[in-house]
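User: I'm new to this one and would like a short walk through it. Could you put it up?

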Amino acid sequence: MTTLVWFRQDLRIKDNPALFEAAKSGRVLPVFILEPADKTGETHPLGGASRWWLHHSLKALQQDLPGLVLLKGSARHLIPEVAKQAGVEAVFWNRCYEPHAIERDTDLKSSLKDDGYEVKSFKASLLYEPWELETQSGGPYKVYSPFWKAARQIEIDDALPAPEKLEIADYDGGEELESFDLLPKKPDWAKGWEGLWTPGEAGASERLGSFLEEGLKGYGKLRNRPDLPNVSRLSPHLHFGEISPRQIWHATQDVMDRRSSLGDDGMKFLSEIAWREFSHNLLYHFPKLPSENWRSTFDEYPWKEPEGELVKWQKGQTGYPIVDAGMRELWQTGYMHNRVRMIAASFLIKHLRLHWRHGEAWFRDTLVDADLANNSAGWQWVAGSGADAAPYFRVFNPITQGEKFDPDGDYIRQWVPELRELETQYLFAPFDAPAEALEKAGIKLGDTYPKPLVDHAKAREAALEGYEVVKQAGQDDA
Ligand code: FAD
């Protein structure tokens with residue numbers, strides 16, 4: 001039998017159930033389709049940084065899987081067309097959970113079955129299917145802690161090896177990777193990223209190995225420190241499916257079994273992997289999560305219209321060093337540390353009172369790990385409008401957050417070099433530094449480094465005032 005295996009967010013050979021099953025039963029025709037958003041009805045198209053990653057990830061997959069057929073267009077048309085041309089008997093894929101993908105895949109599955117193909121889909125990018133876990137009263141979990149408590153009871157199957165034998169079917173056609181035109185050109189803002197990231201399965205596996213060896217110890221506490229190397233940076237690899245959560249789960253458990261002192265850190269790490277599961281669970285059950293406030297009372301919030309502040313936030317020119325460091329790390333590397341994502345997002349929503357959708361869109365365009373479920377859940381969490389969200393009145397103080405999580409100022413100095421010479425005690429709020437300290441460090445506020453866009457105390461007060469409207473809407477609804 002020949003099986004068309006449709007690769008999507010599973011750009012790997014190992015622990016790939018669709019590929020494994022197809023290879024067991026005969027020849028495999030591996031296909032990847034780049035779908036322009038206007039052909040899929042997707043409201044949240046692939047951002048620039050994700051396109052960069054995808055290019056390199058596909059390049060790596062082509063090396064591991066010569067014969068991978070690349071196509072561009074609508075999968076609804078291309079999959080049946082190629083299946084017919086190549087004379088395959090079956091079509092297999094691993095499941096995706098984004099709303100537009102579910103709709104497309106459901107339609108395709110039924111039309112291919114009508115045409116007489118064997119069609120199978122598999123669980124590959126999540127540990128728990130969104131329909132696998134239910135609360136005692138029968139609905140989906142809306143709060144993370146009970147979700148994780150229930151999830152932990154479920155045994156995770158072993159990861160699959162690469163297929164023992166892989167016989168690739170011939171196919172006359174397909175496009176060159178270059179024709180996908182995924183890389184930035186003028187300007188090439190991703191110059192140097194190849195030294196920072198290694199997209200592809202081998203890079204993912206290496207990253208996991210080095211994190212478990214060197215970063216896991218202390219993860220529980222140090223994961224909040226953007227100045228330290230104690231997070232895994234596996235998020236883009238996970239998003240593109242270059243590694244599966246199942247592989248991560250078992251590799252972490254193995255390390256915990258071998259080194260009992262790493263038990264708590266290992267469990268904390270797995271609980272973060274479970275946040276990813278929880279976000280996907282939310283998106284599956286509430287497909288409007290990327291575009292609508294989960295708590296509709298937030299529709300009443302008096303958001304401001306974006307003017308120059310949005311661009312200043314995007315460029316890391318807010319005058320608050322920890323926010324600016326994060327935004328510049330994002331622009332220069334395609335990544336931002338989780339703690340700083342929370343601080344920078346809170347600043348946009350609460351200090352600038354701009355709708356979280358503006359931040360979601362910027363992150364989607366600039367993050368290499370941009371992920372519909374995690375990004376929308378993350379933004380709604382910070383906004384307070386989400387399911388299991390931080391309360392709106394918890395307004396992160398960008399000065400004390402910097403002092404607490406970047407105590408020596410190393411992270412700020414790395415990304416905001418114009419403040420490098422400033423004494424640490426003034427680094428988190430240069431606008432409060434004595435004139436001599438600024439002069440000694442060669443800083444002219446408003447010239448070499450911006451004055452603060454807003455005053456923290458006043459901005460906080462205004463944010464909370466706006467929240468009164470949301471509270472009132474909640475009372476009116478009750
Ligand atoms: P680690 O600490 O090493 O965690 C391991 C893995 O667990 C991550 O790779 C990720 O898959 C998962 N994880 C960790 N924290 C979270 C979380 N809070 N929510 C969901 N999964 C989590 N993550 C994305 O993958 N894509 C996004 O687009 C994204 N947007 C975000 C937007 C905002 C406003 C916020 C506050 C968070 C966002 N996150 C997003 C979640 C989190 O910041 C990143 O997953 C994490 O920083 C990735 O770095 P890491 O792999 O080194 O994390």
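User: How many salt bridges does the rule find across the interface of domain 2 and domain 3?
Analyst: This is a predicted model, in which local features need pLDDT of at least 70, side-chain atom pairs count only at pLDDT 80 or more, and totals for chains, interfaces and linings use all residues. Residues are numbered from 1 along each chain as its sequence is written, and side-chain values use heavy atoms, with hydrogens and water left out. Across that interface the rule finds 1 salt bridge, a term for a side-chain nitrogen of Lys or Arg within 4 Å of a carboxyl oxygen of Asp or Glu. R233 forms a salt bridge with E329, and their closest N and O atoms are 3.5 Å apart.

User: Where do the domains run?
Analyst: Domain 1 covers 2–124, domain 2 covers 126–156 + 202–285, and domain 3 covers 296–472, with bounds that come from an automatic or database domain assignment.

User: And how many residues of domain 2 are in contact with domain 3?
Analyst: In domain 2, 22 residues are in contact with 23 residues of domain 3, where contact means heavy atoms within 4.5 Å. The centres of these two domains, taken over C-alpha atoms, are separated by 27 Å.

User: Switching topic, what does L58 touch?
Analyst: Leaving aside neighbours within four places in sequence, L58 is in contact with L11, F32, L68, L70, L177, F180 and L182.
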